[in-house]
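We will go from stop to stop, selecting as we go.

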Amino acid sequence: MTTATRQEVLGLYRRIFRLARKWQAASGQMEDTVKEKQYILNEARTLFQKNKNLTDTDLIKQHIDECTARIEIGLHYQIPYPRPVSVTPANLWWVLVLINPVISKTVYQEG
């Protein structure tokens with residue numbers, strides 16, 4: 001990891017901890033705020049610890065971009081949790097086909 005990348009990663013880590021310190025839950029309730037602050041801190045620690053030994057620069061950049069996006073989305077929507085992915089009922093079948101090898105194999109054999 002280059003010095004610039006290391007500084008960027010540490011800067012993100014500090015930014016997340018500052019964000020957690022100032023975080024207010026959208027509901028305005030103190031118990032929700034405490035839970036969400038704890039979630040932010042635990043998630044940051046877990047993910048940074050998990051990825052601390054990465055050496056692939058492209059993968060590191062991808063994780064930096066993901067972290068930045070999660071921070072921005074969290075601030076914009078006032079939710080600390082990852083953005084849920086929505087799949088419409090019309091597209092659900094295709095998602096299942098692509099994910100599940102048994103369904104995928106059946107579909108391609110029939111077609």
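**Before you click**

This is a predicted model: local features need pLDDT of at least 70, side-chain atom pairs count only at pLDDT 80 or more, and totals for chains, interfaces and linings use all residues. Residues are numbered from 1 along each chain as its sequence is written, and side-chain values use heavy atoms, with hydrogens and water left out.

**Stop 1: the whole chain**

Show the chain as a cartoon. Helices (H or I, at least four residues) and strands (E, at least two) are DSSP runs, numbered from the N terminus. Along the sequence the pattern reads α-α-α-α-α.

How many of the 111 residues count as buried? The share is 20%. Buried means under 20% relative accessible area, exposed over 50%, and partly exposed in between (1.4 Å probe, protein chains only).

Next, think about contacts, meaning heavy atoms within 4.5 Å. Take the contacts in the chain with a separation of 6 or more: residues 24 or more positions apart account for 60% of them.

**Stop 2: the nonpolar core**

Select Leu12, Ile16, Ile40, Ile64, Cys67 and Ile71. These have the most contacts inside the largest nonpolar core, which has 13 residues. A nonpolar core is a set of buried Ala, Val, Leu, Ile, Met, Phe, Trp, Tyr and Cys residues joined through side-chain atoms within 4.5 Å. Helices α1, α2 and α3 each supply at least two residues of this core. The largest share, five residues, comes from α1. In soluble globular proteins, nonpolar side chains tend to be buried together.

**Stop 3: around Ile64**

Centre on Ile64. Which residues does Ile64 touch, not counting those up to four places away in sequence? They are Thr5, Glu8, Val9 and Leu12.

Click Val9, in helix α1. Val9 is buried, with a relative accessible area of 18%. Val9 and Ile64 are 55 residues apart in sequence, but their C-alpha atoms are 6.9 Å apart in space. Beyond four places in sequence, Val9 touches Phe48 as well as Ile64.

Then click Thr5, also found in helix α1. Thr5 is 59 residues from Ile64 in sequence and 9.1 Å from it, C-alpha to C-alpha. Leaving aside neighbours within four places, Thr5 is in contact with Ile60 and Ile64.

**Stop 4: the largest pocket**

Select Ile16, Ala44, Leu47, Phe48 and Cys67. Of the 29 residues that line the largest pocket, these lie nearest its centre. The pocket's volume is about 670 Å³.

How is a pocket found? On a 1 Å grid over the protein atoms alone, a cavity is a set of points where a 1.4 Å probe fits but cannot get out, and a pocket is an open set with protein on both sides within 12 Å along at least five of seven lines; lining residues have an atom within 4 Å of a point. Grid points are joined across faces, edges and corners, and a volume is the space filled by probe spheres set on the points.

Colour α1 (3–22), α2 (30–50) and α3 (57–77): these elements give two or more residues to the lining. The most, nine residues, come from α3. By type, the lining holds 20 nonpolar, three polar and six charged residues. Here Ala, Val, Leu, Ile, Met, Phe, Trp, Tyr, Cys and Pro count as nonpolar, Asp, Glu, Lys and Arg as charged, and the others, Gly among them, as polar.

**Stop 5: Phe17 and Arg45**

Select Phe17, in helix α1. Phe17 is partly exposed, at 21% relative accessible area. Leaving aside neighbours within four places, Phe17 is in contact with Leu41, Ala44 and Arg45.

Move to Arg45, in helix α2. Arg45 is partly exposed too, at 39%.

**Stop 6**

Finish at Gln78, in the loop between α3 and α4 (89–99). Its phi is near 60°, a positive value in a residue other than glycine. Most residues other than glycine have a negative phi.
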